[in-house]
Amino acid sequence: MQGGSGWLSLPLCIAPHLLLFKVWVMLNAAMVLTQENGADEAQYSVKLIKKNYIYGNTTHKVDVYVKVHKNSPFLVCMDLTLSQSDVVDPSYLWIGPDGQNLKGANNVNLTATGKLMVLNFKERMSGSYTCTLTYRMIRADMQEELERFKTYKFMVYAYREPDYTYRISVHYTTKDCNLAANKQFFLELIKILNNLISYLTCHIIEPAYRCYSVKRPQQRLEDELFVIFQVNPFAPGWETICHMLANDCEDVTNNRVQKARWLIEEFFLKQEYILMHEFQNVPAIHYIDHSFQVTRLDSCHPGFGKDVVTHGDCANCCVACNPGTYSPSYEVVCQPCTNIRIQYYGATSC
C-alpha cells in the first residue's frame, strides 16, 4: 500500500466519492497530454482508390450504395466480359431515375466511354440508372454488319452511417440496499462521467440504478448496485461544432462518442487499480471488477433506415427509405405509408 494519502482514513461513507474523484483527476491529466501531443494530427486518412469502377450485368440489376454528399463510383455501361473485347462504334444512352437523358446534366460526370459518376449524391437522387449500349459487330470479310444493343440497370441508393449510442452497465457492491448513500453515490457517479466526456459534446442519458441481493458462486450473499446508462453524442452545442468540421456529421459524432466510450471504460478500469494501491480500507461502495458491459445502439437519420433483406449488401448502413415508406425521427426501420403515395426516396413524413 502506498502512504501519504491524507484521505485514506476518512469515514467509509465518504471514501467512495473520493475514489471517483481520484480516477477523474487521473483521466483528465491523461487527456490533456493526449490533446497536446495529438492536436495537429489528422483525424481521418484518405486511401487512394485505383479502380473506382462498377460494371453492369445484363442478367440482373446491380446495387450500388453511395454515401450522402459523396460522389458515386463510375458506373460502366458495359459488362466485365465485353469490356475485355474490342467494341466497334459504341454509343451510350444513360437515363436517370426521373426518366430523363443524363447527357449534359449538371450533377453528373459522363465520359466519352460511357462511364457515369453522379456528383454530390443525395437521398432523392436514389433510384434506377439505366444505360443502353449500342455497338456494331462486323464479319471478318466486312460483308455484313450487325447492330447490337445491351441494357444495364444500376439501382443506386444513398446511405448514411448509423448514429452510435453506447449502453453501458456496471455493478458496485454496497453495504446495504437501504443505505442512504447509494443514491448520492449514483448521482455523483453520473455527474463525474458527464464532466469527463463533456469536452467531446457527449453526455449521459437515461441513467438508472437498482439494488439487488446477489449470490455468486463460492461467495456469500451481497448487496449490489446495478447501474445502467447511455453515452450519447448529442449534448447541447453538438450541431454548431459538427457543421464547422464536416458535412457528414455522423462521422464526427461517431468518432467523438467512441472516444467517450473509451474514456468511460478507462474510468472504471482505473478504479480497480486505485482501489488496490491507494486504499487501506475498502470503501463501503466500490466497483466490482470486470462488471463493465457495453452494447452499441444504432439509430438512423430521419428519412433513412436499415433493411437487411432489401439491402443485404449494406446491412449495417442507414439507407434512404424506399418510395412508399418513411422515417420521421431517429429510428432504425422505415415504416410503410398508407395515407399517401410517396414516390421518392428519403421521405420523412407520411
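User: What confidence does the predicted model carry overall?

Analyst: The protein averages a pLDDT of 82. At least 70 is reached by 80% of the residues.

User: Where is confidence lowest, and where is it highest?

Analyst: The lowest is helix α1, residues 15-38, with a mean of 51. The highest is β6, at 96.

User: Which stretches have pLDDT under 50, and what contacts does the model give them?

Analyst: Residues 1-14 stay under 50, with 20 contacts beyond four places in sequence. Residues 32-50 also stay under 50, and there the model has six such contacts.

User: How many helices and strands are there?

Analyst: The protein has five helices and 17 strands.

User: Why do β1 and β5 count as edge strands?

Analyst: Start with the order, β1-β3-β6-β5, in an open sheet of four strands with mixed pairing. β1 (53-56) and β5 (108-110) each have a single partner strand, so one side of each lacks a neighbour in the sheet. Neighbouring strands here are turned by 25° against each other on average, direction ignored.

User: What makes β5 and β6 a pair?

Analyst: Pairing takes at least two bridges. Three bridges join β5 to β6 (residues 115-118), so the two strands pair. They run antiparallel. V108 has V118 in β6 as its bridge partner.

User: How do you know that β7 pairs with β4 and with β8?

Analyst: Apply the cut-off of at least two bridges again. Six bridges join β4 (residues 88-95) to β7, and 12 join β7 to β8, so both count as pairs. β4 and β7 run antiparallel, as do β7 and β8. In the second, G127 has V156 in β8 as its bridge partner.

User: What makes a group of residues a nonpolar core, and which members of the largest one touch the most others?

Analyst: The members must be buried nonpolar residues joined through side-chain atoms within 4.5 Å. The largest such core has 36 residues. L75, W94, L116, F121, Y129, F154 and V156 touch the most other members.

User: Which elements supply this core with two or more residues?

Analyst: They are β2 (62-67), β3 (74-79), β6, β7 (127-138), β8 (145-160) and β15 (318-320). β8 gives the most, with seven residues. Apart from this core lies another, of 30 residues, including L189, A260, F267 and F268.

User: What does F121 touch beyond its neighbours within four places in sequence?

Analyst: F121 is in contact with V66, K67, V68, H69 and K70, among others. Further contacts include S126, Y129, V156, Y157 and A158.

User: Why is T165 called buried?

Analyst: Buried means under 20% relative accessible area. T165 has 10%, so T165 is buried. T165 is found in strand β9 (residues 163-174).

User: What does T165 touch, and how far is it from V231?

Analyst: Leaving out residues up to four places away in sequence, T165 touches Q230, V231, N232, P233, T295, R296 and L297. V231 is 66 residues away along the chain, yet the two C-alpha atoms are separated by 5.7 Å.

User: Why does C249 count as buried?

Analyst: C249 has 7% relative accessibility against a limit of 20%, so C249 is buried. C249 is found in helix α5 (residues 249-278). C249 and E161 are 88 residues apart in sequence and 9.6 Å apart in space, C-alpha to C-alpha.

User: Why is N120 partly exposed, while H290 is exposed?

Analyst: Exposed means over 50%, and partly exposed lies between that and 20%. N120 has 33%, so N120 is partly exposed. H290 has 70%, so H290 is exposed.

User: What can be said of phi at N120 and H290, and where do they lie?

Analyst: Phi is positive at N120, about 45°, although N120 is not a glycine. N120 is placed in the loop between β6 and β7. H290 also has a positive phi, near 65°, and is a residue other than glycine. H290 lies in the loop between β12 (286-287) and β13 (293-299).

User: How much of the protein is buried, and what is its accessible surface?

Analyst: Buried residues make up 41% of the 350 residues. The accessible surface comes to about 19900 Å², and 51% of that belongs to carbon and sulfur atoms.

Methods: Residues are numbered from 1 along each chain as its sequence is written. Side-chain values use heavy atoms; hydrogens and water are left out. Axes are lines fitted to C-alpha atoms, for helices over the stretch in contact, and angles run from 0 to 180 degrees between N-to-C directions. Buried means under 20% relative accessible area, exposed over 50%, partly exposed in between (1.4 Å probe, protein chains only). Contact means heavy atoms within 4.5 Å. pLDDT is the predictor's confidence in each residue, from 0 to 100. Accessible areas come from the Shrake-Rupley method with a 1.4 Å probe; for residues, only the protein chains shown count as cover.
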